Amino acid sequence: MTDFTGAEDYQDKFDPKAYLEGYFRFGEGSMGDEYLTSILKEYANVFMSGKVKGKTLIDIGTGPTIYQLLSACEVFEEIIATDYTDKNREELEKWLRNEPDGFDWSPVVKHVCELEGNREKWMEKQEKIRKCIKQVLKCDVMKNNPVEPVILPPADCLLSSECLEGACKDQEAFCVALRNISTLLKPGGYLVLCGVLNTNYYMVGNVKFSCLCMTEKLLKAALHGEGYIIEYMKLSDRKEKTMQELCDYSTTYLLVACKHN
């Protein structure tokens with residue numbers, strides 16, 4: 001059992017550069033290769049389907065990453081990125097400003113373009129996502145309004161990737177966080193939620209961060225309890241059993257749920 005790492009642990013100890021280097025050097029044999037290969041395909045399928053679209057998407061817990069937004073930027077006019085830690089937001093904004101020491105996302109962007117049917121458009125895709133992300137806001141999922149003091153109009157889509165499991169100590173907190181972020185979504189809007197199941201921890205550099213050990217049953221119960229109807233859910237069991245010391249997840253999931261109240 002890993003001791004719970006709360007908000008201030010993330011603010012003080014989470015190193016975005018170590019996180020990016022450890023999990024997102026796509027194609028270089030990092031732990032993230034299997035996860036990214038699976039989840040990028042799912043994101044492409046969801047957003048290319050034509051069902052999940054609209055004007056505004058809010059990403060909860062963006063961290064220093066953009067992979068989860070690369071297909072979404074094709075069907076949403078504006079994206080609002082959010083994260084709790086200052087360093088994550090700074091790292092993201094460094095890439096958005098195209099600064100030379102920003103993380104190199106080009107292998108991931110090229111892969112997504114290939115999934116979408118045109119690998120050669122990867123540079124256009126990078127510029128498109130830079131223009132599409134209109135705001136980068138501080139976010140605390142344990143607050144009634146997670147982006148206070150900012151007041152946002154309800155969005156057409158809410159996306160969250162591997163955020164709630166890290167932010168929540170137990171199932172009760174998960175339900176509270178889900179209720180809070182749902183205030184940012186309009187009725188009839190879609191929640192696209194991605195994460196890992198049966199996970200206790202993940203490493204960022206030499207620091208171990210806790211992860212709420214969610215099961216499929218508990219996840220579905222939380223969503224139904226907050227008035228969501230799950231319209232699509234894909235589970236992918238972990239194939240690569242090495243590098244358990246970095247993260248002990250067993251399954252990744254991606255789901256699309258419609259808010260009915």
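Contact here means heavy atoms within 4.5 Å. The structure shown is a predicted model.

View 1. Beyond residues up to four places away in sequence, serine 160 touches Asp59, Ile60, Val192, Leu193 and Cys194. The side chain of serine 160 reaches the backbone oxygen of isoleucine 60 at 3.0 Å. The C-alpha atoms of these two residues are 4.8 Å apart, although 100 residues separate them along the chain. Serine 160 counts as buried because its relative accessibility is 1%, and buried means under 20%.

**View 2. The largest nonpolar core, with 55 residues.** Phe47, Tyr67, Trp105 and Val192 have the most contacts inside this core. Helix H3 (residues 32-48) supplies its largest share, seven residues. A second, separate core has 33 residues, among them Val141, Phe174, Leu185 and Leu255.

**View 3. Contacts of phenylalanine 47.** With residues up to four places away in sequence left out, phenylalanine 47 touches Val52, Leu57, Ser71, Ala72, Val75, Phe76, Leu159 and Val192. Val192 is also in contact with serine 160.

**View 4. Aspartate 140 in the loop between strand E3 (133-138) and strand E4 (155-161).** Aspartate 140 is buried and has no salt bridge. Lysine 143, the nearest side chain of opposite charge, lies 4.8 Å away; a salt bridge would require a side-chain nitrogen of Lys or Arg within 4 Å of a carboxyl oxygen. The side chain of aspartate 140 reaches the backbone nitrogen of methionine 142 at 3.0 Å. Apart from neighbours within four places in sequence, aspartate 140 is in contact with Tyr84 and Pro146.

Note on methods:
Residues are numbered from 1 along each chain as its sequence is written. This is a predicted model: local features need pLDDT of at least 70, side-chain atom pairs count only at pLDDT 80 or more; totals for chains, interfaces and linings use all residues. Side-chain values use heavy atoms; hydrogens and water are left out. A nonpolar core is a set of buried Ala, Val, Leu, Ile, Met, Phe, Trp, Tyr and Cys residues joined through side-chain atoms within 4.5 Å. Buried means under 20% relative accessible area, exposed over 50%, partly exposed in between (1.4 Å probe, protein chains only). Helices (H or I, at least four residues) and strands (E, at least two) are DSSP runs, numbered from the N terminus. Lys and Arg count as positive and Asp and Glu as negative; His and the chain ends are not counted. A polar contact is a pair of N or O atoms within 3.5 Å; within protein, one must be able to donate a hydrogen and the other to accept it, and residues adjacent in sequence count only if both atoms are side-chain atoms.
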